[in-house]
Structure formats: C-alpha cells, structure tokens
Amino acid sequence: MNMLQIRDFNLKATLESGQLFRYHGSGDDFYYVVAGDAIIKIRQNRNGSGVEYGCSSDSFDVKKFLGLNHSYGKIIKSISRDEKIAAAIRNHYGLRVLEQEPWECTASFICSAFSNIPRIKQCIEKVAMAFGSSIEFDGFTTFSFPQPQQINDFAKLKMCGLGYRAKYLFETARIFSNNSEYYSLQHNSAASGMCNRTLSDLHLRKLSYEEAKKRVIELPGVGSKVADCILLFSCGFYEAFPVDVWIHRAMSRMYGSELREFAAERGLKAKKTGEKLIGDYARLRFGKYCGYAQQFLFHHARSGEKKPSPAHLP
DNA sequence: CACCAGGTACTGT
DNA sequence: ACAGTACATGGT
C-alpha cells in the first residue's frame, strides 16, 4: 500500500460526483475503483491529509487518474466568480475532475444517455461481465472493461440492457477498433504498459475545444452533452461544460436573469434557455476551467435535491 | 399503469 | 438554426 500526502482532495466527492460509474464502497472504508483492467483500492485519512491506496497494476498512474496533478488552488480561484458558485465549491471542496481513459469514458457515457445513474452502473457492469476478463485485487474480484475489439457480438450486447443504445455502443466500438491510430487505445499489449492517456495525446488534444467536440460528436450515440463529458473527463478539455437536466435546472435557478440577458445580447429572442446557450454562458461566466464548475454544480444539485431519508424514524 | 431517468437521432419548419 | 418527437429499459 502507498501513502500519499495530498491537500485539497475529497475522495468521496470525487468518486461519487457522477464522473465515474465503476466504484464500490461508500467512504466508510476502502473504495474499490475499476478502470480498464486495473483495480484501485483506496481510502482517505480521517483528517483528510492524504490517501492510502494500492493498485493491481504497477504501471497505472493513480495520481494522474485522480486528477491530483492539477493546480487545484489556481483552478478554484479561477472559477470562483461569485458567491453562488463559491457556495457549491465549499459544499464539496476537494472534488477533482478525474482523468479517465477515453474509450471507457466514451462507452460509459453513451450508456448514460436518457437513463439514470443506478441503471447506467448496472449496464456498464453487464458489459464488463459479458466482454471483459476476470480480474482480482486484494480479494476483490470483478471484470475488466473490454477493449473496443472485444465488443464483437451484437446479440450478446443486447443482453446487457442498454436498450436502443446497444446499437450506438456497438458502432462506436467498431469505429474505435478500426481507427486505433486515430483514437489510439495503444495498450502495449505485450508489456502491459497501461497508458491512461491516449486519444487525447495523439490527436484530439492538439485541437481546439470546438474542433475536438466536432470530431467526438461524429460518433454514434454521442451528442453535445456526452461529447462534453468525454472531453472533460478523459481529454483534458476543462472548458467543456456538459449540460444535462440537472445542470439546466441549476443554471436556470441560479443564473436565470443573467442567462436571459445573455440571450438577449446575442439577439436570441429565446424565452427558453437552450443547452448551447447555457454552455456558452458558463464559459463566459466561469472561464476556461468551467468544466470544474460544472462538476461542483452537478454534485451540489444532486446531493442537495436528493430526497431526504424517511423522516418517520425516531 | 402512467411517469421518469446525466439525451440523441431524425424529421419537419 | 430551432422546435417536436420516438426511442428501450427498469424502477416507482
């Protein structure tokens, strides 16, 4: 086990803020996080001064995966433009944006469309069980997330409960397989050199946010929102601002008048505040790290508006 | 049995 | 460009 002293980190908020679907545990003890073919066992010290972790793969860069290389203070300062967002940040201070592997992130968020988090998790586990390989670490057993080439049986994929998304995932898996030099998942098959930054390093990362988004959105099952999730969670584009129903509600509630004013400035007689408008406004409002702001707002909204536990107990 | 859930693709103006 | 609508599945 490794000990890592790290400030400005909230493991629970980071894992449970909806960026990642494959984790087990609730913060009381160790979490088991599954990424690709790696299992990470990790918990945070009581006083929050650091983390204790182990990983099934020596070459997996846990620190990078957890976003611990980010200049946290600088990012927080940059997005703290007003008291409203500052309150959301205080609520889950230490939340980090993870650096996931692009293929798994893409596949996961294709499954997420028009669904809910418990079922998304269930679908992804089923995909891993159907096409991945059995892996184990410290007594915890599960299945690796399959490489795109491994998702080669459509009938089997249909069994995973994805509904109409099965077709999208299957086709996207094919595109990743056939364009491995572009989407390059380079897993260094022989040396097991797990490299959790690929797509982004080789191509997309060199593009502007707008250009990269255009490319990702070409994938079937990937629209504006999922594209932003991919770019933010796995390609280092922190100006991506995924707008889902939660963010739509939160932004309308918190910045309703500003949004209408922003729409008016653009000549849009929009009574309705569309997703595109919200994203553009967020980039203006929170700056180039607005993706971080999105993650705080999302977790803030979801943890706050969750139904309170039954009050009929003594 | 309606209704909802981290939207997307397709259609029509 | 922008609104409407169908879409699979599983849980209340």
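**Exercise 1. Which residue in S4 does Tyr 32 stand opposite?**

Conventions come first: this is a predicted model in which local features need pLDDT of at least 70 and side-chain atom pairs count only at pLDDT 80 or more, while totals for chains, interfaces and linings use all residues. Residues are numbered from 1 along each chain as its sequence is written, chains are lettered from A and ligands numbered from 1 in the order in which they are written, and side-chain values use heavy atoms, with hydrogens and water left out.

Solution. Helices (H or I, at least four residues) and strands (E, at least two) are DSSP runs numbered from the N terminus, and two strands pair if DSSP finds at least two bridges between them. Strand S3 (residues 31-35) is paired with strand S4 (residues 38-44) in the antiparallel sense over 5 bridges. In S4, Lys 41 is the residue that stands opposite Tyr 32.

**Exercise 2. Describe how H5 packs against H8.**

Solution. Axes are lines fitted to C-alpha atoms, for helices over the stretch in contact, and angles run from 0 to 180 degrees between N-to-C directions. For helix H5 (residues 102-112) and helix H8 (residues 165-178) the angle is about 165 degrees and the axes lie 9 Å apart. H5 and H8 are therefore roughly antiparallel to each other (under 35 degrees counts as roughly parallel, over 145 as roughly antiparallel, 65 to 115 as roughly perpendicular and the rest as oblique). Contact means heavy atoms within 4.5 Å; on this basis, residues of H5 including Trp 103 and Ile 110 meet residues of H8, among them Tyr 168 and Phe 176.

**Exercise 3. Repeat the analysis for H11 and H12.**

Solution. The axes of helix H11 (residues 209-216) and helix H12 (residues 224-234) come within 9 Å and cross at roughly 120 degrees. H11 and H12 are therefore oblique to each other. The contact involves Tyr 209, Ala 212, Lys 213 and Val 216 of H11, with Ser 224, Ala 227, Asp 228, Ile 230 and Leu 231 of H12.

**Exercise 4. Examine the confidence of the model.**

Solution. The average pLDDT (the predictor's confidence in each residue, from 0 to 100) of chain A is 90, and 88% of the residues score at least 70. Over residues 306-314 pLDDT stays under 50, and the model has 0 contacts beyond four places in sequence for them.
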